[in-house]
Amino acid sequence: MRVVVVGGGIGGLALGAGLRRRGYEVAVFDRDTDVAHTGGYHITLDERAQSALRELVEPHLVRRLLASASALRHRDRDAFWDRRGRLLGFGPELGGGAGVDVDRITLRTLLAEAVGDDLHLGRTVSGVERGGADRGGVDQGGLDRGGAGRGGDGAPRVLFADAAPVTADLVVGADGTHSLVARHLAGGPVNSPAGIVGVSGRTARGDLSAGERRRLGLRSGLATGPRGSALYVGFLDPVGNAALDAPELRMSRTTGPTYIWGAMVAEAAAACLRGLRGAELRDALPGLFRERGWAGHTLEVIARADPDSVAAYRFHAASTRAGDLAPWPAGRITALGDAVHATPPTAGMGAGAAIRDAAALLRHLGDADAGEGGTALVEAVGRFEAGMRRRGSEVLTLGMRTVRLILAADSPVDAAAEVGGLR
């Protein structure tokens, strides 16, 4: 079976790695020219995501990941504050869990290594379609462009702006929130703006004042304020809090105690940030929060951020209803991850869900190998999509609950309790 994966983000690389490990003929195409050129800062992987990852990559890669990850169990309990920095309460104990945080670049680099030569960078996909007449030949991506019995049997093709099409038995869209593949399948958009603009960045703990270091502590936390404003501050230390004590395997991009923060504001109020980048964006953001009554010291983590790390993005979300996700009949083109269930980062589970999707698809494809012809493959894709709808609905429900609470947060105590089980 030959599989083309469109998109080399976390979900696409995870799937490509699993397919390669199981002996499938696979090609992963991504428009990026370097896997290290990626947005985002850290990814949380819970036990389910890590279990899925173990199905997809070799054990030595999992060890390198854990040696480069920050264990949640080593952090203090999460905290919840109001806009003035007053402590409202704590979340549950973290000591019993196996969850980790890892730099996005670190995870993407490891997965790209697992995909190896089957990853083709600098390749922009322009469309997908059903195959036509037999075309023969070999594309520069390494896959047969429609040999005997392939081109005219309805097999899907991936089109490129500057290269010949590629035909395969199955095409999987892992091309994110603005997925070309999912839009093709659904005949239109599969998600919409969630009403929040986020601005994220990273700040070294040592760059903060002693007072803010004491207040924030060695923990992650969330502060909520009026008029749709909130600030998440995540603590990341892959060296001091390594999930696996194996310095010789470490490859984390974060090398010291760091706060990864995400400021959130209602989209209607974010017009003043439009077009700003880097230091200009960092310097403009605190004023927007001070207008909403935030104390100056609570914004220090923003003001002292590395300007090159600061970026703005619009939250998008698919429907929380499982029946609305992947609204197409099963076939030989499918999609996974944010391409199907685009999830705001407020859930902290989007990348993990994409990895779980990849492992589930691989399992179902294994069932299809035992069958004959395209029917078994389509049935396997149908079973995969049914499970993906349930997973996506679960993650979206959690993420959108937080979004709605931020947008309607009259009481920060009630919001914090609802989001994190405040105690």
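Predicted model: local features only at pLDDT ≥ 70, side-chain atom pairs only at ≥ 80, totals over all residues.

Biologist: Which residues in H1 and H4 meet?

Modeller: H1 contributes Ile-10, Leu-13, Ala-14, Gly-16, Ala-17 and Arg-20. From H4 come Arg-104, Leu-107, Arg-108, Leu-111, Ala-112, Ala-114 and Val-115. The residues of this contact comprise nine nonpolar, one polar and three charged.

Biologist: Let us turn to charges. How many salt bridges does a search of the whole structure find?

Modeller: The search finds 24 salt bridges. One of them joins Arg-64 with Glu-113, where the closest N and O atoms are 2.8 Å apart.

Biologist: What does the pair of Arg-64 and Glu-113 tie together?

Modeller: Arg-64 belongs to helix H3 (residues 59–67) and Glu-113 to helix H4, so the pair links parts that are 49 residues apart in sequence. As background, side chains of opposite charge can pair when their charged atoms come close.

Biologist: Now the sheet, please. What is the order of its strands?

Modeller: The sheet is open and has seven strands in the order E6-E5-E14-E15-E16-E13-E17, with mixed pairing. Strand E6 (87–90) and strand E17 (311–317) are at the edges; each has a single partner strand, so one side of each has no neighbour in the sheet. From one strand to the next, the twist averages 20 degrees.

Biologist: In what sense do E5 and E6 pair?

Modeller: Strand E5 (residues 79–81) pairs with E6 in the antiparallel sense, over three bridges. Within this pairing, Ala-79 stands opposite Phe-90 in E6.

Biologist: And how many residues lie between the strands in that hairpin?

Modeller: The hairpin of E5 and E6 has five residues between the strands, and Gly-85 takes a positive phi near 85 degrees there.

Biologist: One last point: which strands does helix H7 lie across?

Modeller: Helix H7 (residues 278–290) lies across strand E13 (192–204), strand E15 (229–236), strand E16 (258–266) and E17. Its direction is at about 55 degrees to E16.

Definitions and conventions
Residues numbered from 1 in each chain as written. Heavy atoms only, no water. Pairing = 2+ DSSP bridges. Helix = DSSP H or I, 4+ residues; strand = E, 2+ residues; numbered from the N terminus. Axes fitted to C-alpha atoms, helices over the stretch in contact; angles between N-to-C directions. Contact = heavy atoms within 4.5 Å. Nonpolar A, V, L, I, M, F, W, Y, C, P; charged D, E, K, R; others polar. Salt bridge = Lys/Arg side-chain N within 4 Å of Asp/Glu carboxyl O.
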